[in-house]
Amino acid sequence: MIALIRYMVTVLLLSQRFLAPLLLFVGLLAVLTSSDSGPLAATYGSAAGAMLVCASWSTMALIGLEDPAHRSVVVVSAGSHLRVLLGSVATALLWCLPLTVAGLLLPLLFGSHTFTAADAVLGVEAQLTCAVTGVAIGVLCSRPLFRHQGYALVAALVLLLATLLGRGVSPVNILLGDLQNASDSADLLGSTGVLLAVAAAVLAGAVATAQAVGRRRS
């Protein structure tokens, strides 16, 4: 698995398809947190929303890097479709880790805030919750569920809007509502940790769905 992840990271870097979602993430942070002096909980909510979009886009780009013939070769080398899918998910999550660090630090540069340990933990939890959910959306909107990119993009937009705006539908919507209304980051650490666990369960369901569809079509 380590060799597979190393291969996927190399392919992603060489393809440079990470640049567009990266620039979008930094741009959204600059726009949403520039000159902000409010509570860091709300600020990290904006960073988490940006992470959701970036993680979805990055995952779709990663899974769609190879044509079906090339991906078949990778599957044979890895041993199974599931290992390749899990490698893609692990690579996407690893890519989100440096973005999480950027999401913690850049709002401090763009705005004026008092930073505490509770703010740091909450920021990490919030961004990881959105990263995991974004990867789940990316998995559901990639091959083998969608063979045409146009349909995949429409499905991704619908899922992103439902995730962000559907009241109580997703852990992301609940999370962003909590962050906007929080006065103390320490009060949200426990509930945000629960939402992160729910997001992980959503990702597991997305992987199981993609694997089942892939096995049926293979």
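Predicted model: local features only at pLDDT ≥ 70, side-chain atom pairs only at ≥ 80, totals over all residues.
Where is the place of G79? G79 sits in the loop between helix 4 (68-78) and helix 5.

**View 1. G79 in the loop between helix 4 and helix 5.** G79 counts as exposed, at 59% relative accessibility. Its C-alpha atom is separated from that of E66 by 17 Å. Along the chain, G79 and E66 are 13 residues apart.

**View 2. A78 in helix 4.** A78 counts as buried, because its relative accessibility of 17% is under the 20% limit. Leaving aside neighbours within four places in sequence, A78 is in contact with L4, R83 and V84. A78 and M8 are 12 Å apart in space, C-alpha to C-alpha.

**View 3. A nonpolar patch on the surface, formed by M1, L82 and L86.** Together, M1, L82 and L86 have about 220 Å² of accessible area. L86 belongs to helix 5. L86 is partly exposed, with a relative accessible area of 36%.

**View 4. A90 in helix 5.** Helix 5 covers residues 81-110. Is A90 buried or partly exposed? A90 is partly exposed, because its relative accessible area of 23% falls between the limits of 20% and 50%. The C-alpha atoms of A90 and A50 are separated by 20 Å. These two residues, A90 and A50, are 40 residues apart along the chain.

**View 5. The aromatic pair of F18 and W95.** The structure holds 1 aromatic pair. F18 and W95 form this pair, with 5.6 Å centre to centre and 70° between the planes. The pair counts as edge-to-face because the angle of 70° is over 60 degrees. It links distant parts of the chain, 77 residues apart. F18 is in the loop between helix 1 and helix 2, and W95 is in helix 5. F18 is buried, with a relative accessible area of 15%. W95 is buried too, at 17%.

**View 6. Q16 in the loop between helix 1 (2-15) and helix 2 (19-33).** What is the phi of Q16 near? Phi of Q16 is near 65°. This is a positive value in a residue other than glycine.

**View 7. The largest nonpolar core, with 57 residues.** F25, M51, C130, V135, V139, L179 and L203 touch the most other members. Which helix gives the largest share of this core? Helix 3 (residues 40-63) does, with 11 residues. In soluble globular proteins, nonpolar side chains tend to be buried together.

**View 8. The surroundings of F25.** Residues up to four places away in sequence are not counted here.

**View 9. A131 in helix 6 (residues 117-140).** A131 is buried, with a relative accessible area of 1%. Leaving aside neighbours within four places in sequence, A131 is in contact with M51, A55 and C96. The C-alpha atoms of A131 and A200 are separated by 9.8 Å. Along the chain, A131 and A200 are 69 residues apart.

Technical notes. Residues numbered from 1 in each chain as written. Heavy atoms only, no water. Helix = DSSP H or I, 4+ residues; strand = E, 2+ residues; numbered from the N terminus. Core = buried A, V, L, I, M, F, W, Y, C linked by side-chain atoms within 4.5 Å. Buried < 20%, exposed > 50% of the residue type's maximum accessible area, 1.4 Å probe, protein only. Contact = heavy atoms within 4.5 Å. Phe/Tyr/Trp six-rings, centres within 6.5 Å; stacked < 30°, edge-to-face > 60°. Patch = residues over 30% accessible without salt bridge, like charges linked within 9 Å, V, L, I, M, F, W, Y side chains within 5 Å. Areas by Shrake-Rupley, 256 points an atom, 1.4 Å probe, with all protein chains shown as cover. Salt bridge = Lys/Arg side-chain N within 4 Å of Asp/Glu carboxyl O.
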